[in-house]
Amino acid sequence: RARQGESTGWMRLGIVLACLSWAAIAGAGAAYLPEGGAGRRYSPEEPLGRLSFGSCNDQRKGDRQSIWQGVLGSRPDVWLWLGDNIYADKKMKFYPKEFAKSTIEQMRGMYETQRSVPAYRELRDTVGKIVGTWDDHDYGLDDAGKEFPYKKESQQLFLDFLDVPQDSHLRRQEGVYNAHVFGPPGRRVKLVILDTRYHRDPLFSNGDVLGEEQWKWLEAELAASDAQVNIIASSIQFIPNHHETLCPLCYPKQSPFRVESWSHFQREKKRLGEIVARNGVEGVILLSGDVHFGEILMSPPGCTLPYNLFELTSSGMTHAASGSFPKIPLEIMKRFSPNPFGLGMYLERNFGTVDFDWEGATPVVTLSVRDHDGNPVLQKNVSVEDLRLPSDGNSMQEGKRPGACTHEGELLWPNRCRFCIILFSGFAVAIFLALRAVLSILAFLKYCFHLAVHRGETKRKDH
């Protein structure tokens with residue numbers, strides 16, 4: 001009986017220890033990997049499965065923050081803020097375009113408003129990592145660059161928003177550019193996030209975008225990379241030049257329709273391609289935001305890089321082009337505006353995802369623009385094999401480019417400006433038809449009046 005009691009005691013102790021061990025393991029799992037509220041949180045040492053990103057998120061539009069449910073449903077391993085994460089300025093005039101900046105204290109309150117959104121709080125609690133950069137509206141002022149007077153103070157607020165530690169080198173660095181590595185060797189992704197605001201020269205100056213220190217940092221990061229996929233994140237678009245194809249609408253420098261992009265800085269655009277080619281960097285893919293629509297683009301080999309360069313743009317989390325402009329002009333732009341490198345455009349609210357399939361002989365990257373509910377509306381599968389340097393060592397065509405590399409600004413005027421030609425012609429025809437209709441109605445009324453007068457006179461004569 002004594003042995004039986006002793007045995008029972010040891011059994012109970014074993015059960016207790018097993019339960020405690022299970023609880024510790026479960027607790028550790030909960031601390032490491034729940035995706036979208038279920039499972040475990042992603043660890044950067046593991047192969048990256050999905051990176052989700054978005055831009056143009058107005059904290060004042062509380063009723064439009066429902067897109068975060070779609071983001072949560074996409075179950076990202078990493079979330080990337082790609083600019084205009086809050087809107088810290090206020091539009092004062094439509095034309096000439098004029099915005100008023102906020103105070104630093106007001107900006108701090110705006111970031112807190114965004115942090116308090118319930119679904120975003122849930123994302124912060126469940127996603128493996130949140131990283132990002134800024135664009136003009138969260139930097140502090142529309143289209144602002146290095147001249148913005150409160151950029152140092154704004155940088156600290158932005159880093160607070162991303163929970164960057166106070167002792168991080170990013171707190172002392174001039175600009176918010178940063179880099180991250182995900183996954184083990186052979187299944188590795190490097191994410192290089194640029195700052196296109198802090199050092200940028202004015203638009204139309206063809207000056208600098210990144211500043212010399214950031215350029216040196218970027219080349220060092222790319223040259224040292226052993227990743228199979230190197231993602232470069234820019235708050236503004238790199239490949240397209242939608243500004244040129246809007247023609248007269250964008251000619252005035254203060255036009256409300258002007259579109260920011262790297263195409264305003266052709267020398268800088270060329271420099272990025274030279275860095276990739278010079279250092280033999282493979283697997284480069286671009287991510288961008290800013291324009292209030294989603295888009296997938298591809299620049300063929302020899303145009304920008306020695307191999308296919310893909311760009312995935314996602315912009316418009318709380319507001320998009322479809323809610324800002326009439327439907328007909330947008331459809332005309334989408335269907336007829338020249339877009340030599342475009343593979344598809346989506347004009348509603350959206351966010352983006354980059355998925356990595358490491359299981360096959362060659363990794364495959366899937367680029368997606370997703371709608372408000374998380375459904376893919378634009379998608380492109382990219383084999384990493386197609387992002388390799390040419391085997392003949394001829395990295396870039398010297399002296400000439402293939403016809404597929406004709407940029408928007410090089411097109412003949414009737415082709416480049418066909419959106420405005422169609423739009424204004426349509427308006428002219430509509431106005432002409434409206435005038436014809438008004439004149440016809442007036443002529444008919446005049447006829448009826450004269451007919452009534454004639455009948456009246458006839459009746460008087462009969463009497």
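First, the ground rules. This is a predicted model, where local features need pLDDT of at least 70 and side-chain atom pairs count only at pLDDT 80 or more, while totals for chains, interfaces and linings use all residues. Residues are numbered from 1 along each chain as its sequence is written, and side-chain values use heavy atoms, with hydrogens and water left out.

Start with helix α4, residues 118–126. Helices here are DSSP runs of H or I with at least four residues, strands are runs of E with at least two, and both are numbered from the N terminus. Which residues of α4 are buried? They are A119, Y120, L123 and T126. Buried means under 20% relative accessible area, exposed means over 50%, and partly exposed is in between, with a 1.4 Å probe and protein chains only. These four cover an arc of only 130 degrees around the axis, so they sit on the same side of α4. That arc is taken from the directions from the helix axis to the C-beta atoms. As background, an α-helix has 3.6 residues a turn, so residues three or four places apart point the same way. On the face of α4 turned away from the buried side are the exposed residues P118 and D125.

Next, the helix pair. α7, residues 212–223, packs against α9, residues 266–278, at an angle of about 30 degrees, and their axes are 9 Å apart. From α7 the contact uses E212, W215, L218, E219 and L222, and from α9 E268, R271, L272, I275, V276 and R278. Contact means heavy atoms within 4.5 Å.

Now two single residues. L203 lies in the loop between β9 (189–193) and α7, and is buried at a relative accessible area of 13%. L203 and F265 are 62 residues apart in sequence, yet 8.0 Å apart in space, C-alpha to C-alpha. Leaving out residues up to four places away in sequence, L203 touches D143, R258, E260, H264 and F265.

Last, Q114, in helix α3, residues 104–115. Is Q114 buried or exposed? Q114 is buried, with a relative accessible area of 0%.

Notes. Axes fitted to C-alpha atoms, helices over the stretch in contact; angles between N-to-C directions.
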